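Here's a quick briefing to read with the model open beside you.

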Amino acid sequence: MKIIESDITKLAIDVASIINSKKKLIESSDDGCGDLSDTNLECCVDTLKFVSEVVRACKNLIRLRNQMENSLSTGIACSKIKDNSSVSQLQSRAMLDVYITFLTLCSNNKRMPSEKATVIPKNLENTIMNISRHSSLVLFHAMHGNRNTASRNALGIFIRQLNGISILVDMLVRPNPVPTTLSIVRHLHNLIGSMPDSLRQINAVLQKKFIGGGEEKFNRVQQEEPVCLVQILCASLVWTIRSDPSFPGTSSMDRRGDLAEEIWHVLFAIGVGNQFKTVFSDNNLDEQLNHKLSPKTDAILQLGILICDVLHMSNFDSRTYRCKLAAVHLLMDAPVIFGKFLFANNCVDPLVVILWLQLNAVLVEKQGGGSQDVVQLMPILVVLSNMAQGNLEFKQILKNKYVFPAMANSGLRVHENNVVSNSSINETSSVSNRPMNPKDSPPGTLRNKLIRLMTWTDSNVKRCASEFLWILCDENADEFVVRTGFGNAVHTLGIKGLVSLPQNSTVQ
C-alpha cells in the first residue's frame, strides 16, 4: 500500500495531541495510576495500555520516516519528506520531555504503589514495563535513527536542555527490566560514537552520583578512584551472563543475549581492550592478585575472566555465538601478553572453532558471499595473529594442532634439511624452483580455507589471512612458500620486499 506523506502528518499530529493529554493524566496521580482498588484497576490498566501503544506509535512513525528517507523503494521521493514536517514535531523539545517523563515514571517501578497493594497485578506490571521500553526506544529513534536535521536537533536538545546524559546514567545504574537496560546501553553506545566528548561527560555524572553530595549521593563508601562507565558496564555484563536461568536463557523473550552483545560493543568502542595491559602485563598474575586492586582494575580483571567463560560456552544458541563474536571484537585491541592468559585458560580451541565457523559461513554456506560477509572474518584473524605473534605456546598449538598438523609436515622433510634464507627468495631462487601450489592443502581443511583467502578480492581480508599464515610459518619465506604455494605467497612476499615484482605491478 502506498503511504502518503499527508497520512503520516495527520497521524503525527493526532499522536502528539493524545500523548500530551495522557502525560498530564498520569502526572496528576501521585503513583501514576491512582488508587489500585478493584473498581478502577481495569481502568488504570486500560489507560496505561493506551499510553504504551501511543508511545509505540510515535516510535514507529519516526522510524518509518527515517526508513523512507533512506530508501527509494517506497515510492516516495526523499526530497518530499522535509525535516520540518509534522513527523519532526514528534522530535521536538516538548515531545522529548514527554518521553523522558514516561521513561522515568515507569522505569524501575519507581511509581508503583507498593504501600497500597501487596501484589502488583502482572498485566499492570507488564504494561508499565512496556511504556518504559517504548519511551526509551522512541528517544533512540528520535535522536539516532537517522542523521537528518531533526535527529541532530533532537540530540542537541536532549543533551543540552533536558540533561539527557544524567537521565541515561541514572537509568543505567538502577535495576530495570533487561529490554529497558538494553535500550539505555544502545543510547550510550550511539552517544559515544557520535559525540567524542560524551564519554567524559558520562564519567563525570557517574562520579557525581557515587561520590558527590546531596540527593545525588548513593549509599556507597567513597573510593580513591572515581567510578567510571567501564565499571558499571562490566558489572552489568557479569550479571547478564551469570544470572539465572543459565545464559542466554531458554525463552526467546530473554534479551540478555542482546544486552551482553551490546555491552561488548560499547566496551570495544571506548577501547577497553587497550586497558588489559594494566592487569595482564605482569608475568606473575597470581602475585598481582594478592594485592588489593583498584575498582577499575578489578573490573578489567573480571572482564578478562568473563571473556574466557564466554568463549567456553556452547555455540548451539545463536545468541551465545553472537556474544562470542562481540567479545572477539574486544580482543582486537588486547595486548599480545593477554594471549598467555587465554592460553592458560584453554581458550585457543574455542577461538579456532570460531575461525572455523566463520570460514564455513563465508566460503561454504554463502560461497564467497559479498564484501560485507567476508569482512566478518577480520576480527578473529586479527586476534589469532596478534596472540600467536606474541606468545610462542599460543602459536605452536595453532600451527601444530590445527593449521599445519603433523600430516601436513611430510612435504617439508627434504626442505627442512636444506633451509633457504629469506634473502634467497629474491636473489637466487628461480621461479621454476618454487612450488606454485601448496605442498599439502586438502580441500575442506582449515589451511585450505585460509590459503583461499590469500588471493581474495578484498585486500584487507587477503592481508589478514596472509599475515596469519606468515606468522605461523615463523616468518620464514621459504617455509611460507612451500606451505602456501608461491602463487598465493607472492603478494605477501612482495609487500615484505622478499621477492622482486614487475615494475608495472601494484601491491595493495
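The protein in this predicted model has an accessible surface of about 24,200 Å², and carbon and sulfur atoms hold 51% of that (Shrake-Rupley method, 1.4 Å probe; for residues, only the protein chains shown count as cover). Local features need pLDDT of at least 70 and side-chain atom pairs count only at pLDDT 80 or more, while totals for chains, interfaces and linings use all residues. Numbering runs from 1 along each chain as its sequence is written, and side-chain values use heavy atoms, with hydrogens and water left out.

**Overall make-up**
- Of the 508 residues, 50% are buried (under 20% relative accessible area; exposed is over 50%, partly exposed in between; 1.4 Å probe, protein chains only).
- Take the contacts (heavy atoms within 4.5 Å) with a separation of 6 or more: 73% of them join residues 24 or more positions apart.

**Largest pocket**
- The largest pocket has a volume of about 450 Å³.
- A pocket here is an open set of points on a 1 Å grid over the protein atoms alone, where a 1.4 Å probe fits, with protein on both sides within 12 Å along at least five of seven lines; lining residues have an atom within 4 Å of a point.
- Grid points are joined across faces, edges and corners, and the volume is the space filled by probe spheres set on the points.
- Its lining counts 23 residues, with Gln 231, Ile 232, Ala 235, Ser 236 and Trp 239 nearest the centre.
- Helix 6 (164-173), helix 7 (178-194), helix 9 (229-242) and helix 13 (295-311) each bring at least two lining residues, and helix 9 gives the most, with eight.
- The lining splits into 14 nonpolar, six polar and three charged residues (nonpolar: Ala, Val, Leu, Ile, Met, Phe, Trp, Tyr, Cys and Pro; charged: Asp, Glu, Lys and Arg; polar: the others, Gly among them).

**Second largest pocket**
- The second largest pocket comes in at about 330 Å³.
- Val 178, Pro 179, Met 253, Asp 254 and Arg 255 are the closest to its centre, out of 15 lining residues.
- Helix 4 (122-144) and helix 7 each supply at least two of the lining residues, and helix 4 has the largest share, three.
- By class, this lining has seven nonpolar, three polar and five charged residues.

- Helix 6 is largely enclosed by the rest of the structure, because nine of its 10 residues are buried.
- Buried residues in helix 13 include Thr 297, Ala 299, Gly 304 and Cys 308.

**Around Asn 386**
- Asn 386 sits in helix 18 (residues 378-390) and is partly exposed at 23% relative accessibility.
- Leaving out residues up to four places away in sequence, Asn 386 touches Met 332 and Val 336.

- The loop between helix 9 and helix 10 (256-269) holds Pro 245 and Pro 248.
- The bond from Asp 244 to Pro 245 is cis, with omega near -5°, and the bond from Phe 247 to Pro 248 is also cis, with omega near 5°.
- Asp 474, in the loop between helix 23 (459-472) and helix 24 (477-484), is a non-glycine with positive phi, near 60°.
- Glu 475 lies in the loop between helix 23 and helix 24, with a positive phi of about 55° although it is not a glycine.

Conventions:
Helix = DSSP H or I, 4+ residues; strand = E, 2+ residues; numbered from the N terminus.
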